[in-house]
Amino acid sequence: MEEHIRESRLDSVSSSSHPGRVISVLLNSRPRQLESVLSRVGSTSHRTSEVLLDESICFIRYVRDAVEKREPLDQFLIPMIENSLKLHGSKHRKQVLVLLNWLFQDELLFQPISSNLIEVLMRKEDNYIALGWCTLIRDLVDHELATNQLSDAGNTTGKQEKRNTLLKILFQSISHLSSIMCKGSILKDGFELPTRLAVAASDCALALTEALTQKAPISEKERSINSRSPQGSGEMEMELLLWDHLDELTFLVQKLQAWSRKSRPLHATGLEQVLKWLQDIRGHYGSRKDEAGRKILKAGVSLLSSCWKHYGMLLRLEDQRFSQQYMEMLNQYISAIQFYSKDNIDEHPGKKNGGVETKKFFLNCISLLWGRLDNKQLEIAMSESGQQISDLLLSQLLCSDEDVIEQAVAILRAIMFKTNFSSPGNCILDYRQMEATLPSLLSLLDERDSTARAVVLLTAEYCSVNPDGCLQEIFKRLDCGNYCQRRNAIDVIAELIHIASDSKNILSPSVRQDIAKHLLQRLGDDEVLIRARASNLVAQIDPSLVLPTLVHLVYSPDERVQSSARDSVVAVLKSHNQNSDVIVMLLDCLSNISQSPGLTKTPGETGKAVPFDAMTLQSGSKLDLDQVFKLVPKWAESVQDWTIMIESLIDKMFADPSNAIIVRFLSNISEHLAEAKDVVLHQVLLHVKEQTEMDENWFLRTADGTSTSGVSIKLKDTLFNRLCPLLIIRLLPLRIFNDLNSSVMYGQLISQDTLCEITSEKKGFIINNHDCIAALLVNRAFHLFEFEDVRKLAVELCGRLHPQVLLPIIGSQLDDAIHTRDILKLKACLFAVCTSLVVRGKETAMHPVMVKIGQILETVLLWPSLDSDEVSKAQHGCIDCLALMICAQLQAPEPSNASTSNKISTIREERSRSGDTTSRSSVLNYVIQRLTCDWNGIPSSKSDESECLSEAPIPLMFRICMANVLISACQKISSSTKHLFASRALPVLIPSVEAIPDLEVRAACLQVLFSAVYHLKSAVLPHSCDLFKLSLKALRKGSEKEKIAGAKLMASLMASEDAIIESISAGLLEAKSVLLGISLKDSSSELRQLCEKLLVCITSPLDMSFNPLSSK
């Protein structure tokens, strides 16, 4: 009757209740009450709440109906998932686990509910559901599976099977969890950080993998019962499942390592070792497929399961159990390492690397554990086990395995410097612990081995936080006689410098000074490796601490020190290749050295070290600054941006314009200056615009109220200030003057309007601005009030300007100079034209304005003058200018197959060109014509006398000037055009000499021919016989001047190459007779002596070496 009433009431409740309301009632109940109710479902007891019992019965009916209809169980599971997330971390979160465990006891519901749990995660693209799911499954695995609450007590086999079945079902989610972790990373400040969902997914995955490695807990009674039935197959199945998902484990560890890099560096180091270990066991245990391979695989599966049991727990990101168990776990790991180390010592005395793989595992467990301790946990761990673990780790440094050493050093580092925090600077370091550890660390730096290499970094970090307590010990080792100790000490300093440069920990100036001092001493070390190491490290130190001493050491008498110092200077400059202050510092050092006496080294032991104060000054010697300057190009190659560097260098030069060191330095980087020419020239113009223009009032202001010495100093300073921009421009290569479109170089000077103004009849054209470099140069070259040194340099630089700009300006200035007889301006113009002809050659010589300039030169040469007066000096300039015009024109030769008669005809044609006395195509022919004609016509000869009578005679001095032009051309002609010059000049000059009636001109022509033979060498070979005959004729019938010139011509021929001597050998007997006659009876002692010397050469050619006469 009671059962009937109960069934009726349940039917009524079922019809009026909704599944959502039912599950809400169950989840909001108290866990103990819910457990009690669920345990009595189906019984007749009335001690439980009738309402809750009814709801529970309704709930299970709803679930069974849904399973029978094969409907999704989302309406039941999702509220449970959401409730699990809502109550996560509270004491009332167990309702879901109680309810699930009750449902799992129903054999008909176990499989569907388990499968639907997985399907909810796969189907729902909802982060909130996914987060709750991960939380629920992690709690289920940790609390229910770990305590084996899935089945009625007593049925142990059923418990184990049901547990394994549920794990296999839940483990299907591992790939989806990996996908959640992959998507759940965000980048911040270059580090990868996890989202809340990614953290939950990773912990869920770790809980599932860890569960695969654990055996279900059973009582002693159950163990005795189960001992008669095999259970190994189920455990092996779980272990194989873990092995089959080795890829997922590897990915999981990779993500955890990425997430830990910023906030848990030691933990990340441990994860790196776990990752390496996973990759190793895959390669070692999973590569073979035969029977032996299966046995090896079984061992690998067992090893993975055994180790992952610990790793899975240590890798959790959120685990409330850890805070309760970490000390117990730490002590277990310490004991394990001690055990395996002691075991090895007992079995193999003298060795300390036994059980290496096992020790590596437990050391890595310590890394993972210590790396996740918070401040409070760290204090507890240090107070209880700090000294014990420090001693243990120091003992592991003696192991021969590098991985063990590396792990031990990483943990020691975290213990000493608390680097397992994201911001260790906020932690208070325990210096007492450091000082207690230091002696043991230093003792490990006596050898060159893996231990020493690992300890180097640890020691350097200690020195960085406590230099007073460590650095002096390192310096002692650096200066000792033991090679290994010195190598290790310099490695410590290298790491210390690296740490100081990368962190906020800035070493004090005194510490940096001490480091610099001891490194500089090592530049003289006996060992090459130490010298090279010291040289490289010096470059990483503040240049102000090392550069002045390095520059001095470049001049050390010890070659080893010199070489190391040179390398260090280059390294310092390259390390600061964008810092102009370092170059300025170098220039100051060189300036100080150049103003001081020479350097030498005080007596002492060489090769051991360079005493910091060993360089002393010694008077009486000068230093070769090129020792440093030749290092500059190596630095210059490393400079990426010259803009800032150039600005600073030019500022430095204008600030100290009399400093020749800066000019020499800039000359070594001239090509690089050319690459940044616009920057250079712009800076020059900026500084020039700040300078005061010189005029008469300026001189009056300078002298007003100032002493003589004061005026002298002011003038000297002004001179260097005005020279400074020109010196900078002079350092630049010629090609920067070629760009006519460069506004900074030519401005508006290249425009047609400006050129027309320059070439107009307006006399004395001058540029009165500094808008471009060309205007600056012209202004300083032709300004009335200017220093002579400035004017000369400006004129020289004007010669580099493009002919299209320069020559119209020079033509205008020359016009003005000849009208005003301004010799100073005339000489300046001539110098500019000569420079242009030298540097640009035919480009200048063939310019149309050169015709006008040639006419002006002719005018100047016709001026009356006295020896050594200003006009005479100007005429010498005209002679050189015409000679250079000849040389330049020959660079663009005309066809050379014309006959001698054709060349003479060319001279006659040029004479007929009215006013074109220096045709662009034939300056050489013009000069020869003016030299060989008696009149202002064609060469003198009997057949042409009628043509010459109607012309005005050419002044003798002008003709002599033409001879000097040819002599100068012989001296200046390039080797490549000597044959061309000889073929054009000699065939015309040789026959003309006899026809010239004026003995002075004939003597001048012979002097020209002598210079030609002396300078043109083998180029005169085709004409050597004619020249020899001409010299004999001059000796027989000529005037005294002709005879002396003829004798010089003969001497030059006899001193020439063998081919020329052979060509004139037939006439030597006749020459001997003529020379003998002159030497016996001529009245000129100079001529007699010259002939006597020639006779000796002819008589004993093999016994005496002939010294050719000078052409001057």
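# Close-up views of salt bridges, aromatic pairs and loops

The structure holds 41 salt bridges, a salt bridge being a side-chain nitrogen of Lys or Arg within 4 Å of a carboxyl oxygen of Asp or Glu. This is a predicted model, in which local features need pLDDT of at least 70, side-chain atom pairs count only at pLDDT 80 or more, and totals for chains, interfaces and linings use all residues. Residues are numbered from 1 along each chain as its sequence is written, and side-chain values use heavy atoms, with hydrogens and water left out.

**Figure 1. Overview of the protein.** The protein has 57 helices and four strands. Both kinds of element are DSSP runs numbered from the N terminus, helices being H or I with at least four residues and strands E with at least two. Of the 1112 residues, 54% count as buried; buried means under 20% relative accessible area, exposed over 50%, and partly exposed in between (1.4 Å probe, protein chains only). The accessible surface comes to about 50700 Å², and carbon and sulfur atoms hold 51% of that surface. Accessible areas come from the Shrake-Rupley method with a 1.4 Å probe, and for residues only the protein chains shown count as cover. Among contacts with a separation of 6 or more, 73% are between residues 24 or more positions apart, where contact means heavy atoms within 4.5 Å.

**Figure 2. Salt bridge between Lys 360 and Asp 403.** The closest N and O atoms of Lys 360 and Asp 403 are 3.3 Å apart. The pair links distant parts of the chain, with Lys 360 in helix 18 and Asp 403 in helix 20 (residues 402-417), 43 residues apart. Lys 360 has a relative accessible area of 15% and is therefore buried. Asp 403 is also buried, with a relative accessible area of 19%.

**Figure 3. Salt bridge between Asp 525 and Arg 522.** The side chains of Asp 525 and Arg 522 meet at 2.3 Å, N to O. The relative accessible area of Asp 525 is 1%, so this residue counts as buried. Arg 522 is buried with a value of 4%.

**Figure 4. Salt bridge between Glu 786 and Arg 722.** In this salt bridge the distance from N to O is 2.8 Å. Glu 786 lies in the loop between helix 40 (773-782) and helix 41 (788-798), while Arg 722 belongs to helix 37 (residues 708-731). The two residues are 64 residues apart, and the pair links distant parts of the chain. Glu 786 is buried, with a relative accessible area of 10%, and Arg 722 is buried at 2%.

**Figure 5. A network of salt bridges.** Asp 142, Glu 210, Arg 316, Asp 319 and Arg 321 are linked in this network.

Figure 6. The structure holds twelve aromatic pairs. Rings of Phe, Tyr and Trp (its six-membered ring) pair if their centres lie within 6.5 Å; planes under 30 degrees apart count as stacked, over 60 as edge-to-face and the rest as tilted. One of the pairs is formed by Trp 277 and Tyr 311, edge-to-face, at 5.6 Å centre to centre and 70° between the planes. Trp 277 in helix 15 (residues 265-285) and Tyr 311 in helix 16 (residues 291-314) are 34 residues apart, and their pair links distant parts of the chain. Both residues are buried. The ring centres of Tyr 333 and Phe 362 are 6.0 Å apart and their planes are at 40°, so this pair is tilted. Tyr 333 is in helix 17 (residues 322-347) and Phe 362 in helix 18 (residues 356-370), 29 residues apart. Tyr 333 and Phe 362 are buried. One aromatic cluster is formed by Trp 277, Trp 308, Tyr 311, Tyr 333, Phe 339, Tyr 340, Phe 361 and Phe 362.

**Figure 7. Charges over aromatic rings.** A charge sits over a ring if NZ of Lys or CZ of Arg is within 6 Å of the ring centre and within 35 degrees of the ring normal. Lys 162 lies over the face of Phe 110, 5.2 Å from the ring centre. Arg 821 lies over the face of Trp 863, at 3.8 Å from the ring centre.

Figure 8. Asp 189 is a residue other than glycine, and its phi is near 55°, a positive value. Asp 189 lies in the loop between strand 1 (185-188) and strand 2 (191-194). Its relative accessibility is 64%, so Asp 189 counts as exposed. Lys 1017, also not a glycine, has a positive phi of about 55°. Lys 1017 is placed in the loop between helix 52 (999-1016) and helix 53 (1024-1037). With a relative accessible area of 43%, Lys 1017 is partly exposed.
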